[in-house]
Amino acid sequence: MTPETLEIKTGIVILKPLHEVFEAIVDPVKMSVYFISKSSGRMEEGKKLIWKFPEMDMEFPVRVGKIKKDKYISYYWMI
């Protein structure tokens, strides 16, 4: 049996300046307003973080992939 991989790609149009949107994702204080309740740090390329969500009493490991300032952010849930 081979392991299965689930890959999800998504997109959304946001009518805000690129830098403002980028910072809203990489800055844990800003991201906690709308997505997570807590992060162990700022999203930086190659960094491993722990996220908590307001709906669950669990911690989730996340690995930050590639980041291009104001252009691109990728991250992976680690299991």
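Modeller: From the N terminus on, the elements of the protein chain run α-α-β-β-β-β, where helices (H or I, at least four residues) and strands (E, at least two) are DSSP runs numbered from the N terminus. This is a predicted model, in which local features need pLDDT of at least 70 and side-chain atom pairs count only at pLDDT 80 or more, while totals for chains, interfaces and linings use all residues. Residues are numbered from 1 along each chain as its sequence is written, and side-chain values use heavy atoms, with hydrogens and water left out.

Colleague: Is S39 buried or exposed?

Modeller: S39 belongs to strand β1, which covers residues 38-39. Buried means under 20% relative accessible area, exposed over 50% and partly exposed in between (1.4 Å probe, protein chains only). Because its relative accessible area is 17%, S39 counts as buried.

Colleague: Which side chain makes a polar contact with the side chain of S39?

Modeller: Leaving aside neighbours within four places in sequence, S39 is in contact (heavy atoms within 4.5 Å) with P28, L49, I50 and W51. A polar contact is a pair of N or O atoms within 3.5 Å; within protein, one must be able to donate a hydrogen and the other to accept it, and residues adjacent in sequence count only if both atoms are side-chain atoms. A polar atom of the S39 side chain also lies 2.8 Å from the backbone oxygen of G41. At 3.3 Å, the side-chain partner of S39 is W51.

Colleague: What separates the C-alpha atoms of S39 and I50?

Modeller: I50 is among the residues that S39 contacts once neighbours within four places are set aside. The two residues stand 11 residues apart along the chain, and their C-alpha atoms are separated by 5.6 Å.

Colleague: Is S74 buried or exposed?

Modeller: S74 sits in strand β4, which spans residues 72-77. Across the protein chain, 22% of the 79 residues count as buried. With a relative accessibility of 9%, S74 therefore counts as buried.

Colleague: What share of the contacts with a separation of 6 or more comes from residues 24 or more positions apart?

Modeller: The secondary structure of the chain comes to two helices and four strands. Among contacts with a separation of 6 or more, residues 24 or more positions apart account for 19%.
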